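Subject: Structure for you to look at

Dear colleague,

I am passing on the structure that we talked about, and below it I have written out what was found. Please keep the structure open while you read, and look up each residue as it comes along.

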Amino acid sequence: MPEALLHVERLNAFYGDFQALFDLSLDVNEGEIVAIIGANGAGKSTLLKSIVGLVRAQPEAVRFAGQAIGGQRVERIAAMGIALVPEGRRLFASLSVEENLRIGGQMHRPGPWNLEQVYSFFPVLAERRKMPATSLSGGQQQMVAIGRALMSNPRLLLCDELSLGLAPIMVKEIYAQLARVVGTGMAVAIVEQDIGQALKIAARVYGLRTGHVVLSGQSHNLSRQDIAAAYFGD
């Protein structure tokens, strides 16, 4: 079997003396969506931060496209083709929608994603391109955050809590567009509290609890009992 696009093996992560992840292992393959679920404090966001270099990782614990990237600088990891849509969106309040999007393109990685393509996926952003990004609704701001990440033409898109604080109809729209993104060949890993949405879109699921992987499998094979056990224990 070829090596997965993203291969995490025995990853440990710390905040000072506090250990947040324990020998955590998972894979994300080319062109697939993987959901990472778990209760607050399970280690989901720490995992994503470890992958992109915001939390230090051992070099061989994170491999991307066959290369060890653990502990690399954030900019280098981004230039290799990993983009993060952070929890809370983290848009630049002083910049317009279009200016926020253009920041994502500063890596100048080759690929299909540009302003025109982002606007075709999220037409409402084209209509509001000159407005301050943080003046938009929560759902529209999330579209900006996703578009900004896509502008870097990543091979792997990491999404942290896309549905947080959004109306159900907006969550449904964002996930519909995310499915189209994967249709372009991109791999996606989603950290998500909305389990129903995660299971609908993801081929495989990993469940985290207190920094450990306690559940993994194909989405369609997981029962409610499996998921409840992952969240709360047996």
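Val205 is found in strand 9 of what is, please remember, a predicted model. With a relative accessible area of 0%, Val205 is buried, since buried here means under 20%. If you set aside the neighbours within four places in sequence, Val205 is in contact with Ala35, Ile37, Leu199, Leu215, Ser216, Gly217, Ser219 and Leu222. One of these, Gly217, is 12 residues away from Val205 in sequence, while the two C-alpha atoms are 5.6 Å apart in space.

Thr210 has its place in the loop between strand 9 (204-209) and strand 10 (212-218). Is Thr210 buried or exposed? Thr210 is exposed, with a relative accessible area of 52%, and the cut-off for that word is over 50%. Its backbone also deserves a look, as phi of Thr210 is near 45°, which is a positive value in a residue other than glycine. Most residues other than glycine have a negative phi. A second case is His108, which is not a glycine either and yet has a positive phi of about 55°. His108 lies in the loop between helix 3 and helix 4, and with a relative accessible area of 69% His108 is exposed.

Among the buried residues are Gln140, Gln141, Ala145 and Ala149. What do the buried residues of helix 6 pack against? Their partners are strand 6 (82-85), helix 3 (97-104), helix 4 (115-121), helix 5 (123-127), strand 7 (156-160) and helix 7.

Two of these partners can be followed in detail. Two packed helices are described by the angle between their axes and the distance between the axes. For helix 3 and helix 6, the angle is about 30° and the axes are 6 Å apart. Angles under 35 degrees count as roughly parallel, and helix 3 and helix 6 are therefore roughly parallel to each other. Their crossing is right-handed. On the side of helix 3, Val97, Asn100, Leu101 and Gly104 meet Val144, Gly147 and Arg148 of helix 6. Sorted by class, this contact between helix 3 and helix 6 has 3 nonpolar, 3 polar and 1 charged residues.

The crossing of helix 6 and helix 7 is right-handed. Here Gly139, Gln142, Met143, Ile146 and Leu150 in helix 6 meet Met170, Glu173, Ile174 and Val181 in helix 7. By class, the contact of helix 6 with helix 7 has 6 nonpolar, 2 polar and 1 charged residues.

Thr46 is buried, with a relative accessible area of 8%, and, apart from neighbours within four places in sequence, Thr46 is in contact with Ala13, Tyr15, Ala20 and Leu21.

Conventions: Residues are numbered from 1 along each chain as its sequence is written. This is a predicted model: local features need pLDDT of at least 70, side-chain atom pairs count only at pLDDT 80 or more; totals for chains, interfaces and linings use all residues. Side-chain values use heavy atoms; hydrogens and water are left out. A crossing is left-handed if the near helix is turned anticlockwise from the far one by less than a right angle, and right-handed if clockwise. Helices (H or I, at least four residues) and strands (E, at least two) are DSSP runs, numbered from the N terminus. Contact means heavy atoms within 4.5 Å. Ala, Val, Leu, Ile, Met, Phe, Trp, Tyr, Cys and Pro count as nonpolar, Asp, Glu, Lys and Arg as charged, and the others, Gly among them, as polar. Buried means under 20% relative accessible area, exposed over 50%, partly exposed in between (1.4 Å probe, protein chains only). Axes are lines fitted to C-alpha atoms, for helices over the stretch in contact, and angles run from 0 to 180 degrees between N-to-C directions. Angles under 35 degrees count as roughly parallel, over 145 as roughly antiparallel, 65 to 115 as roughly perpendicular and the rest as oblique.
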